[in-house]
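Please walk me through this structure, from the overall fold down to the packing inside.

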Amino acid sequence: MNREEAIEQIKSLREELEQYNHEYHVLDQPSVSDYQYDMKMQELLKLEEAHPDLVTSDSPSQRVGGEPLDAFQKVQHTIPMLSLGNAFNEEELREFDRRVREGVDEDVSYVCELKIDGLAISLRYEDGVFTQGATRGDGTTGEDITQNLRTINSIPLRIKEEETIEVRGEAFMPHRSFIALNEAREESEEEPFANPRNAAAGSLRQLDPKIAASRNLDIFLYGVGQWDAGELESHSERLEYMQKLGFKTNPEWKKCPTIEDVITYVNTWTEARENLNYEIDGIVIKVDNLDQQEELGFTAKNPRWAVAYKFPAEEAITKITDIELS
Ligand SMILES: NC(=O)c1cnc(OC2CCCC2)nc1N
């Protein structure tokens, strides 16, 4: 095979592997077997080995990066990563609704999302290529954990448009990965992790990306940071657009026009959360219209246009260990 043919073959293998990866890890609808995927990956690895100058950072072969880091670099978030104010009961949700309606004179509609109990992260893409990923940190300064985030298969190394965009979401450890990890740690007489959130945080703070890669982490994206081209009008449109770009968004988000709809959604998921294969610690309620979000603005710490309803604390750990691994 001459160089021109190799360039073409590498390009087509990458597109094929990216599609298979998206189907398996983002859509959970694989169209080929693991064996077929592995064969294609072997073909790509062989071609890249023969033509090392053709390897680029967005190649599907480049997920598990280089050598362990000595330390993480600091990252300044262009747009602060805010924390949410809390509501602990129905009355506080209605109070939130009253305050919102006082702040905007026209009608308000909400979006409800499951509050994933993981680690808040920010992903930066330049001309459609994943260039940097960081922890929330203190909201203004986070840690650059790009190498570790690249190992999360549901994070695309390249998105479907050549957008320069920053998206925010929650990295987490699914229950199955958590139970398997703690079993392995007990085998090797290491301290088990108390909960999936600590396990996810501990995994992403590993300086060796090979360890992070072994932890089977996942992610749901739920917001945007810096995005100059953004001209959508609502948060729900943003979620739909992010999904179109190839990002994994949580399938359970829902438009809830009134606070009654919000309360119904909260009550539904207070019960149904035990059927999920990941931890949630509440529900996030957001004003859907972006102009109204802007009008409402922020307090010193939190947005006035969003609130986190927190589930009553429970023995979450017993819930997880009760799961029968089918
Ligand atoms: N843990 C979650 O699932 C989650 C956290 N935060 C947000 O939105 C915040 C972010 C900044 C203002 C609203 N949404 C979520 N779904």
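**From fold to core**

The chain carries 11 helices and 11 strands. Keep in mind that this is a predicted model.

Start with the overall dimensions. Along the principal axes, the C-alpha atoms occupy a box of roughly 70 × 50 × 40 Å.

Next, the contacts. Take those between residues at least 6 apart in sequence: 76% of them join residues at least 24 apart. Of the 326 residues, 47% count as buried.

The chain has an accessible surface of about 16800 Å². Carbon and sulfur atoms account for 47% of that area. The chain has 35 positive and 66 negative charges. Their mean positions lie 2 Å apart.

Then go inside. Which residues have the most contacts inside the largest nonpolar core? They are L123, Y125, L149 and V167, in a core of 33 residues. Strands β4 (119-126), β7 (165-172) and β8 (218-224) each give two or more residues to this core. So do the helices α5 (175-187), α6 (196-204) and α8 (235-245).

L149 shows the packing in detail. Leaving aside residues up to four places away in sequence, L149 touches I121, L123, F130, G133, A134, I155 and L204.

There is also a second, separate core. This second core has 31 residues, including F96, I116, V262 and Y265.

Notes:
Residues are numbered from 1 along each chain as its sequence is written. This is a predicted model: local features need pLDDT of at least 70, side-chain atom pairs count only at pLDDT 80 or more; totals for chains, interfaces and linings use all residues. Side-chain values use heavy atoms; hydrogens and water are left out. Helices (H or I, at least four residues) and strands (E, at least two) are DSSP runs, numbered from the N terminus. Buried means under 20% relative accessible area, exposed over 50%, partly exposed in between (1.4 Å probe, protein chains only). Contact means heavy atoms within 4.5 Å. Accessible areas come from the Shrake-Rupley method with a 1.4 Å probe; for residues, only the protein chains shown count as cover. Lys and Arg count as positive and Asp and Glu as negative; His and the chain ends are not counted. The place of a charge is taken as NZ of Lys, CZ of Arg, CG of Asp or CD of Glu. A nonpolar core is a set of buried Ala, Val, Leu, Ile, Met, Phe, Trp, Tyr and Cys residues joined through side-chain atoms within 4.5 Å.
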